[in-house]
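Keep the structure open while you read.

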Amino acid sequence: MILFLEGILWLFRFTLGACIFSFLHVIACRLPKGESAVRGRSHCPHCGKTLTVWELIPCVSYLAQGGKCRGCKALIPKRYFLAECTGGLALVCCCARFGFGTWGLISLRGLLAFAYLGLLLLIALIDWDTQIIRDRFQVCIGLLGIAALWLFPEHTLADRLIGTIAVSLPMLILALLVEGAFGGGDIKLMAVSGFFLGWKSIVAAMFLGLLLGGTLALWLMARKKLNRRDHMAFGPFLALGLTAALFYGDQMVSWYLSIL
């Protein structure tokens with residue numbers, strides 16, 4: 001019985017996270033178009049059909065409808081489903097990694113981490129569509145960094161200040177020397193994230209971002225879908241690296257330093 005109730009609680013956490021990230025995905029779709037994220041009912045982007053409650057159940061509706069609109073039968077982009085699943089996993093992982101709070105939901109540390117992941121989702125999706133990282137999101141991450149001074153005291157102020165420049169400063173220098181090396185949004189993202197995560201995690205995040213982005217770029221070039229003059233959004237790969245670093249960035253760097 002206890003295991004059953006525990007399973008229900010984990011399912012509730014997953015569903016809650018999926019719902020929140022589903023809303024964030026709506027923001028990511030509407031914001032670049034200048035549309036309101038809170039006004040107007042959810043609708044099919046192809047035929048404009050207003051979606052019912054049964055068509056808005058995170059993850060379940062997409063699978064039940066076979067990934068198609070019930071009205072025009074047009075394919076629903078997979079990223080809708082992936083964003084919802086990511087939100088569910090994000091909240092579950094934050095609970096498991098950073099502990100539980102009132103009513104067994106999530107601790108303040110976990111809530112702060114989850115908010116950071118939500119901002120990374122917005123940054124990744126909007127940057128992928130527009131190749132622009134908006135300053136408002138970086139300001140929000142900066143505010144999370146200030147809150148982290150109290151909620152994550154294991155990272156000292158000095159650690160965070162070093163993290164602010166450990167990656168962003170080399171990126172800025174490289175951007176000044178090589179045109180198009182990094183965008184200003186990427187640099188500012190790593191600066192505020194460095195303050196939030198500390199220097200070890202931000203270094204790990206940059207390494208993972210370069211590895212993921214470089215691997216995809218080489219694969220696309222090999223398939224003749226990308227050439228050296230093309231620009232590819234780097235924000236999504238930085239977001240993936242930052243996500244991994246949020247959970248185990250310090251441990252990755254400490255392990256690497258221990259084997260040197």
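Q: Which residues form one aromatic cluster?
A: This predicted model holds seven aromatic pairs. Rings pair if their centres lie within 6.5 Å. One aromatic cluster is made up of Phe98, Phe152 and Phe247.

Q: Is the aromatic pair of Phe182 and Phe234 stacked, edge-to-face or tilted?
A: The ring centres of Phe182 and Phe234 are 5.9 Å apart, with 40 degrees between the planes. Planes under 30 degrees apart count as stacked, and over 60 as edge-to-face. The pair of Phe182 and Phe234 is therefore tilted.

Q: How many residues apart are Phe182 and Phe234, and where does each one sit?
A: Phe182 is in the loop between helix H7 (168–177) and helix H8 (184–197). Phe234 is in the loop between helix H9 (199–222) and helix H10 (235–258). The pair thus links distant parts of the chain, with a separation of 52 residues.

Q: Which residue lies over the face of Trp10?
A: Look for a charge over the ring. The distance from the ring centre of Trp10 is 4.3 Å. The residue over that face is Arg13.

Q: How do helix H1 and helix H3 pack: roughly parallel, roughly antiparallel, roughly perpendicular or oblique?
A: H1 covers residues 2–30 and H3 covers residues 78–98. Their axes are 7 Å apart, at an angle of about 135 degrees. Because of that angle, H1 counts as oblique to H3.

Q: How many nonpolar residues does the contact of H1 with H3 have?
A: H1 passes H3 in a right-handed crossing. By class, their contact has six polar and three charged residues. The nonpolar residues number 15.

Q: Is H3 roughly parallel or roughly antiparallel to H4?
A: The axes of H3 and H4 come within 9 Å. They cross at roughly 155 degrees, and the crossing is right-handed. Angles over 145 degrees define the class, so H3 is roughly antiparallel to H4.

Q: What is the angle between H9 and H10?
A: The axes of H9 and H10 are 6 Å apart. The crossing is right-handed, and by class the contact has 17 nonpolar, six polar and two charged residues. H9 and H10 pack at an angle of about 125 degrees.

Q: What is the relative accessibility of Cys59, and why does Cys59 count as buried?
A: Cys59 lies in the loop between H1 and H2. Its phi is positive, about 70 degrees, although Cys59 is not a glycine. Burial requires under 20%. Cys59 counts as buried because its relative accessibility is 8%.

Q: Why does Gln131 count as partly exposed?
A: Gln131 is placed in the loop between helix H4 (108–130) and helix H5 (135–151). Its phi is near 60 degrees, a positive value in a residue other than glycine. Gln131 counts as partly exposed because its relative accessibility is 45%.

Q: How far apart in space are Leu56 and Ser42, C-alpha to C-alpha?
A: Leu56 sits in the loop between H1 and helix H2 (60–64). Leu56 counts as partly exposed, at 39% relative accessibility. In sequence, Leu56 and Ser42 are 14 residues apart. In space, C-alpha to C-alpha, the distance is 8.4 Å.

How values were computed:
Residues numbered from 1 in each chain as written. Predicted model: local features only at pLDDT ≥ 70, side-chain atom pairs only at ≥ 80, totals over all residues. Heavy atoms only, no water. Axes fitted to C-alpha atoms, helices over the stretch in contact; angles between N-to-C directions. Helix = DSSP H or I, 4+ residues; strand = E, 2+ residues; numbered from the N terminus. Parallel < 35°, antiparallel > 145°, perpendicular 65-115°, else oblique. Left-handed = near helix turned anticlockwise from the far one by under 90°. Nonpolar A, V, L, I, M, F, W, Y, C, P; charged D, E, K, R; others polar. Phe/Tyr/Trp six-rings, centres within 6.5 Å; stacked < 30°, edge-to-face > 60°. Lys NZ or Arg CZ within 6 Å of the ring centre and 35° of its normal. Buried < 20%, exposed > 50% of the residue type's maximum accessible area, 1.4 Å probe, protein only.
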